Amino acid sequence: MQKGRISPSFFAVFVLSGIWPAALGVTRYSIPEELERGWVVANIAADLGLEAGGLAQREVKLDIFHNKKYLDVNKNTGELYIIEKMDRENLCPTKTTNSCFLKLDVIIESPLRIFNIELEIKDINDNAPHFRRDRVELDVLESATPGERFSLPNAVDPDVDVNTIKTYKLSVSEQFTIEIQTGSDGTKYVDLVLTKALDREQRAVHNLILTAVDGGVPVRSGTANIIVRVQDTNDNAPHFDKPIYTINMTENTPFGTRVIKLNATDLDEGANADIIYSFTLYTSEKTQDVFSLNPSTGEITVRGTIDYEDMKFYEMHVEAKDKGLHPLQGQCRVVVHVTDMNDNYPEITIQSVKNTVSENTPVGTVIALVGISDKDTGDNGKVSLAIHQPYQPFILNKSSERPDHYELIVSEPLDRERLAEYDVTLIVTDSGVPALSDNETISVHLLDINDNEPQFSQSYYLIRVTENNAPGSLLSSLTAVDPDLHENQYLVYFIVEREIANTSMSMLFSINPENGKLYALKTFDYEIEKEFLFHIEARDSGVPPLSSNVTVHIIIVDQNDNTPVIVSPWRAHGSVVEEKIPRSTDKGSLVSKVIAIDGDSVLNSRITYQFLQVTDATLFSLDQYNGEIRTMRMFSYRDPRLQRLVVVAKDNGEPALSATVTIKLSTVETAVKAYSDMTEVPLEYDIFSDLNLYLVIGLGSVSFLLLITVLVTIVLKCQKPKSSKAAPPCRNSVISERNSTIADSTLVSNDAYWYSMFLAETRKGKLVVRQPAPKGSRYIVSSLPRSTGLTETSDSAPSTLQASTTSSNSST
């Protein structure tokens, strides 16, 4: 709490009755406004005759007759102190009186006593005067007399006494001053007084600053801008630059030619400066028939014929009058001297003309007959005729009989497509000084004939169509243009018929005869159809019709729409292949080969192989390009007998398509001896011929029967006890052998899946059957690598599959 104390400026009167609990006395204190919080106003315990030590035990309340609590009592010391800063202007907003009191009651319990306290809030100069309007605009006539008064808004100051507004001040001005008046309530008012006559033409706007000053310490002030606009009065007459204007003009000046533009000035503004021009009564009617005067702009123009032979000069008296309430005027005189000239223009007479001709009009055809004349005599009457545009297909031919007549004839072949209309301007000129001339224009329209063939924007259209398109899809728009008109320009499009494999082009494609939009009538398959070549013809509707055609080359673009098909190893049941392999197989031996084919082309048919799952990744390797599965090391006793390999064949399309095969390999202890003594029987084979198809079907049937026979034989042998330690060759046993004279690697198996390998490997190669396959034989399938480094026994085909058979009971 701030240790400050305010002694009461007024004496405290205590009139206490001896009868409890009423208190009739009022204690008054006085403090300035805006005191800080914690400031001690007075010690009410001492002023009210109370013991400060006893207030702590007695309940003390402070009841302030206001919506906000500004004071409180210290119960230990009995001091009345400030808890909220007080603003006299908020507590006492009205200025009906200079006094401002805050009334409060001090209530003390045990016994109950009530003390009335009035706290007077003294004003300090904490507010500056301000104007309700900081910008005042006044309109004052320049004819206002000195001494005229104009009321100005007064300023306000919420402070009182000496702290309120004391006086007003005006910025320096030669024409204005102020007078201050005081109202009955003490409010000061200010008037603006004109001290000197105004002249708008010298100064149209006066900017003044009115300042209100209070009487506080320190002094505070506020300002307002006073803008005085001087209103014009009609005190200036219009004035011309010259009293007399002299103009020289030639006769026959064209109508509308400006003679002169008069300009009278008026120093006034508004209507007092708006000027109207007019001829006075001193101007003759004949002169007014030849010249016209614009009343708004003062411009004098020619409105009639100026003829030197008629009048040698013209005199005009012009008056300028403003639009003021009492208009003022000024006058001038305009004298026009006429100069004699060659005033008769030569004339052109069109006697006969053909405005419409065909574009195939022959050279030398007469288009028009033209006559020329001039009313003048001598050199002024000698005339000549010429074409204004020298590069037009027309010339003038002077008549031998009448020198003043000409023929306009065609001098070059006409072409409507180059220019459909000609404006031939003929100019006739006399020999006067200066020479006069006239002109006439003959418009010649050309009629169209069908002399232009339709023209396509391209001489060759290459259109790429992605396969599997929707029937009726738009392929392209083949539009031609014909520069002719009307029916000679109307084009019809159609397909020039051509058959491919007994199929007409109109069954595959359709063209809109009106706009040349080409549509596909069927869905194309790249694997069946790769391209089409035909012609589109555009023909106009002229008589006779003209036409042109364009070559259209349709290229079917492949999509990745064929999933790879795994043809090797052959799978009789589902996608799982079971094979057997000796545990003594060497490192790098061929275990199996996965072959997949894809009906797509280029990137979409390029197949790569990879393991999807493998029991032991250290045991087998897979060539990602040829699908060969080889051993990476020899088998050990720790390796499980059953190995499961899942191979995925994936094409290179976007998105890629794939197929998988699962190969279950079981290891056996006894190896099956391979057979290398085989006789080769070369056989050229075309996989796509009908005969080959029947052979493949027959071979597959035989293989299937052979497979059933082998299975039955194995079951019967397995039921008999065998003394030999060697295990009989099973159906799925696979032996990997090296035979450089046959191939890079050889697969020997009882399984008939070599047929599927044949399908895959002989699409672009040959099949070499070394030996017929007897019943109960095993199949040895050898794949020749697709490289140039073939052995002497192999041919130059890019891919060769060799198949041979050996008897299961014979020896090598």
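Predicted model: local features only at pLDDT ≥ 70, side-chain atom pairs only at ≥ 80, totals over all residues.

Modeller: Side chains of opposite charge can pair when their charged atoms come close.

Colleague: Where in the chain do E36 and K85 sit?

Modeller: The two are 49 residues apart and link distant parts of the chain, since E36 belongs to the loop between β1 (26-32) and β2 (40-43), while K85 belongs to the loop between β5 (79-82) and α2 (88-91). E36 counts as partly exposed because its relative accessibility is 45%, a value between the limits of 20% for buried and 50% for exposed, and K85, at 39%, is partly exposed as well.

Colleague: How many salt bridges does the structure hold, and which residues are linked in a network?

Modeller: The structure holds 26 salt bridges, and a network of them links R135, E137, D139 and R229.

Colleague: Are the side chains of E537 and R539, which meet in a salt bridge, buried or exposed?

Modeller: Each partner has to be read separately here. The contact is 2.9 Å, N to O; E537 counts as buried because its relative accessibility is 12%, which falls under the 20% limit, whereas R539, at 35%, counts as partly exposed.

Colleague: Turning to strands, in what order do β47, β50 and β51 form their sheet?

Modeller: A sheet is read by asking which strand pairs with which. Here the order is β47-β51-β50, in an open sheet with antiparallel pairing, and the edge strands, β47 (590-593) and β50 (620-622), each pair on one side only. From one strand to the next, the twist averages 20 degrees. Three bridges join β50 to β51 (residues 628-631), and L622 has I629 in β51 as its bridge partner.

Colleague: Which residues form the nonpolar patch on the surface?

Modeller: The patch consists of F704, L705, I708, L711, V712 and L716, which together have about 560 Å² of accessible area. One of these residues, V712, lies in helix α5 (residues 690-719), and V712 counts as partly exposed because its relative accessibility is 47%.

Technical notes. Residues numbered from 1 in each chain as written. Heavy atoms only, no water. Pairing = 2+ DSSP bridges. Helix = DSSP H or I, 4+ residues; strand = E, 2+ residues; numbered from the N terminus. Axes fitted to C-alpha atoms, helices over the stretch in contact; angles between N-to-C directions. Patch = residues over 30% accessible without salt bridge, like charges linked within 9 Å, V, L, I, M, F, W, Y side chains within 5 Å. Areas by Shrake-Rupley, 256 points an atom, 1.4 Å probe, with all protein chains shown as cover. Salt bridge = Lys/Arg side-chain N within 4 Å of Asp/Glu carboxyl O. Buried < 20%, exposed > 50% of the residue type's maximum accessible area, 1.4 Å probe, protein only.
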